[in-house]
Amino acid sequence: MAGVIRIVLAVLVLATLAVLGAGAWAWQQLDRPGPAADALVFEVTPGMPLARIARRLEEAGVIRHAWLFEWYGRGSGLAASIRAGEYRFPPHGTPREVLARLVSGEVVLHSLTIVEGWTFRQMRTAIEAHPAVRQTLQGVSGEEIMARLGREGEVPEGWFLPETYRFARGTSDLQLMRIAHEAMQRALEAEWAGRQEGLPLKTPYEALILASIIEKETGLAAERGEIAGVFTRRLQRGMRLQTDPTVIYGLGPDFEGRLRRVHLDTDTPWNTYTRGGLPPTPIALPGRAALAAAVQPLEGRTLYFVATGHPDGSHHFSETLEEHNRAVQRYLATLRERRNRQ
């Protein structure tokens, strides 16, 4: 009997030592660097079970043992805190570090740049083409999009702030538009609150319209304030704005790219050669600098401007029509000279 007891005790001791040894080994493995020699991006989809996460991590080479990762996730209670999204794992991350990253929610962020001067249509095309954006607005009109953004009855043109936006994979097109729309609302409200006195603008929306024209007229920061001043003085005097970008916008997407006299004479709601005042809507998405220029125009006496034809995209500003006409002739001569050299 005593011999049997000794055998049982020996077996128990050996079993205990084996368990302790296995536990020590497993504990060490949790801090052992993983096999991946390069950084890897891994996506956890919503509702993905821990076993599948562990198996895919092993297949990707992020961890060595899927069963150990699953055991640690359940035993630590952290499995329930794993968040969906894309994660970037550095080379040779340990299982503890991998799980900690999945729980942290520090997902990979993608970016989309909305370019100053784009139209709403161009912005929408860029969003539709972005592989990380979840598409939900196929076939939805611009007016319906504005209704979903809480601006029912409004047109979308101009209402999205050009900036670079960073977002997680799976962000919807509507969510991204909401972020850009709310950013524009804040920017416009801030600029309108600090506007000059005596402007010929009655509402923030009129400032948005003017800013969109300024945005399309020049890409030079040094000119925005002066161009804003020209338009402000023309509005104050009841002169037509006579700005080509409004004509082009009114012609729509079928415009061929070369503005002719027949286009200037073609009346549309946006043609500021045939109609006085501001057009009914913005013609593009203005950036912050154009918004600021619209409500803080430079003082002066110039009433006209025309491109110089120089590669820098600059303009010549004039106080009188006679001076302006001479500048126009110089511009045309510059264009002819450039064509002759080609």
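## A buried arginine and its partner

Arg96 and Asp31 form a salt bridge through their side chains, at 2.7 Å from N to O. A salt bridge here is a side-chain nitrogen of Lys or Arg within 4 Å of a carboxyl oxygen of Asp or Glu. The two residues come from distant parts of the chain, 65 residues apart: Arg96 is in helix α4 (residues 95-104), and Asp31 is in the loop between α1 (2-29) and β1 (40-44). Helices (H or I, at least four residues) and strands (E, at least two) are DSSP runs, numbered from the N terminus.

Arg96 counts as buried because its relative accessibility is 19%, while Asp31, at 41%, counts as partly exposed. Buried means under 20% relative accessible area, exposed means over 50%, and partly exposed lies in between (1.4 Å probe, protein chains only).

## Basis of the model

The model is predicted: local features need pLDDT of at least 70 and side-chain atom pairs count only at pLDDT 80 or more, while totals for chains, interfaces and linings use all residues. Residues are numbered from 1 along each chain as its sequence is written, and side-chain values use heavy atoms, with hydrogens and water left out.

## Other salt bridges

The structure holds 10 salt bridges. One of them joins the side chains of Glu163 and Arg288, at 2.7 Å from N to O. This pair also links distant parts of the chain, 125 residues apart, with Glu163 in the loop between α6 (142-148) and β4 (164-168) and Arg288 in helix α12 (residues 288-295). Glu163 is partly exposed, with a relative accessible area of 27%, and Arg288 is partly exposed at 43%.

Arg301 and Glu319 also meet in a salt bridge, at 3.6 Å from N to O. Arg301 lies in the loop between α12 and β5 (304-307) and Glu319 in the loop between β6 (315-318) and α13 (321-341), so the pair ties together parts that are 18 residues apart in sequence. Arg301 counts as exposed, at 61% relative accessibility, whereas Glu319 counts as partly exposed, at 37%.

## A positive patch

On the surface, Arg258, Arg260, Arg336 and Arg339 gather in a patch of positive charge. Patch residues have over 30% relative accessible area and no salt bridge, and like charges are joined within 9 Å. Lys and Arg count as positive, and the place of an Arg charge is taken as CZ. Accessible areas come from the Shrake-Rupley method with a 1.4 Å probe.

Arg260, one of the patch residues, is in the loop between α10 (244-251) and α11 (261-264). Its relative accessibility is 43%, so Arg260 counts as partly exposed.

Terms used: Patch = residues over 30% accessible without salt bridge, like charges linked within 9 Å, V, L, I, M, F, W, Y side chains within 5 Å.
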